Amino acid sequence: MDGEEEGKGMAALLRWAAEMGISDSPTSTSPPRSHSSCLGHSLFVSDFPDAGGRGLSAARDLRKGDLILRVPRAALLTSESVLKDERLASCVRSHPRLSSTQILTVCLLAEVGKGRGSQWYPYLVQLPRSYNTLANFTNFEIQTLQVEDAVWVSERAVHRAKSDWKESISLMQEMDLKPQLLTFRSWLWALSTIFTVHSFFWKISSRTLHIPWDNAGCLCPVGDLFNYAAPDAESSPDASEERYAEQPDCHSQRLTDGGYEEDTTSYCFYARKRYKEEDQVLLSYGTYTNLDLLEHYGFLLGDNPNDKAFIQLGTDICTSSNWPVDSLYIQPNGRPSFALLCALRLCATPVNHRRAVGCQVYAGSLLSVENELLVMKWLAKRCHDILEKLATTAEDDGLLLIVIEKMLYNPSCLKYVDLQCCKEEIKSFLEVHGLGMEGIGVSQLPMKARKSLERWKLAVRWRFGYKKMLISCISYCTNTIERLSSQQYCTKRNNQTGMPG
Ligand SMILES: C[S@@+](CC[C@H](N)C(=O)[O-])C[C@H]1O[C@@H](n2cnc3c(N)ncnc32)[C@H](O)[C@@H]1O
């Protein structure tokens, strides 16, 4: 689609949305609704090339807690709404084992199959044509994640998508879906559009939002144009007491992001903070690591305060305390999580002393300088060993990212750039796409290779971020070791000379 066509498609979507009662001026004091667009009072559609692409901007200064968009239930695309068609509904009833997500995926494909006959046609044609979520990664792209856990999560995503599709084929055949909608490619597209995961606050996927009557969630036209920002301390859904904005009068006691509201039978979105006119208005779909974001949304954040690096720990560490395994990780600033530090302190304590220090450990207190030194040395070595085993260094990855970026815009650049950093990996990419090093004189990569390059870049960005966290952890441990050792030295010297500590 070229720019002009895209513009027309968006205008048609906003006109249709206004007819459906979607509105960004949903209060009685707002100006009357326009028939040509559902937006203009609080929001407008903009492009943010470095922050999510197409998204929504503030059309005026917005206050924290302002109601900025309302989408009535009738406009939501849900399994229930699609299955008002009794023929489709009876087919679904004969497949009681399918999950709610599989049913919504089938419903989305059935709706797409109606073409212009679908009530949601102006919305459906505006959906992205492809996704970069992990289920869409090829084997080459998965392997370039390098870290075992991430490779495993990706393979699981692909495997699940395939088995969900196989289980649903007979239902789609009974529904008489067009042959091109029965393919795994179409399934992957639909699943990536609606693939639901359970989150603390939203039930999310690439585009679905939580609704109380269906675990699979719903597709929410226009409401799904908001891009993502990681929840900060101020609006973090984890900080339950902060989920309600501290605001005067009518804004008090309200969720700052939004949700389905029974009293108005509509999906309502609120400004999560103050926005100046033209700022991008963002939602926080939940608290996610970069691997989670990649798995469910197909992007990652350069600076994600909720990112975590999980490292392989021996079973002795995992079982020495009652901390859940997913609480044992390294934070973006390199510090071990509270639980990981406690678990390591306990594990570095002789077994017969562990009971005695239990309270101190769970309170997060340092047990002794010797214990802390053992912990820091162990952790630094563990991170070092993991980094050593990975196929490339963080430095290589940084250089490779520059090469990939160049290849996206000028593939023939390979003839001129220094490929020392990751020559083998680049060669494998080209081979997978039937392009030799010497045959890269083309000015534009074939579309398939270009899409793959985007996913490969995401994989390299992810592993680069992972390695940076481990490197920061080594620095943190080294600094702590130096500080504790000099403290230990001063104490010993003072003891010898009789000086106070
Ligand atoms: C709910 S949609 C948001 C609207 C979307 N940009 C569009 O054009 O339809 C979620 C998708 O937007 C993109 N996205 C959202 N926030 C992003 C961010 N902060 N950085 C990069 N991509 C983002 C991801 O592709 C994600 O799967």
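Me: Quick one to start: what does Ser57 stand opposite in S11?
Reply: Ser57 stands opposite Gln280 in S11. Bear in mind that this is a predicted model.

Me: How do S2 and S11 pair, antiparallel or parallel?
Reply: They pair in the antiparallel sense, over two bridges. Strand S11 covers residues 280-283.

Me: And S1, how many bridges join that strand to S2?
Reply: Six bridges do, and these two strands run antiparallel as well. S1 is residues 43-48 and S2 is residues 53-58. Within that pair, Leu43 stands opposite Ala58 in S2.

Me: What's between S1 and S2 in the hairpin?
Reply: Four residues lie between the strands. In this hairpin Gly52 takes a positive phi near 110 degrees.

Me: Changing topic to the ligand. Which residues are the closest?
Reply: Gly52, Arg54, Asn227, Tyr228 and Phe299 are the closest, out of 15 residues that surround the ligand. Gly52 is the hairpin residue with the positive phi.

Me: Which elements give two or more residues to that shell?
Reply: S2 and strand S8, which is 227-228. S2 gives the most, with three residues.

Note on methods: Residues are numbered from 1 along each chain as its sequence is written. This is a predicted model: local features need pLDDT of at least 70, side-chain atom pairs count only at pLDDT 80 or more; totals for chains, interfaces and linings use all residues. Two strands pair if DSSP finds at least two bridges between them. A residue is near a molecule or strand if its C-beta atom, placed from the backbone, lies within 6 Å of it.
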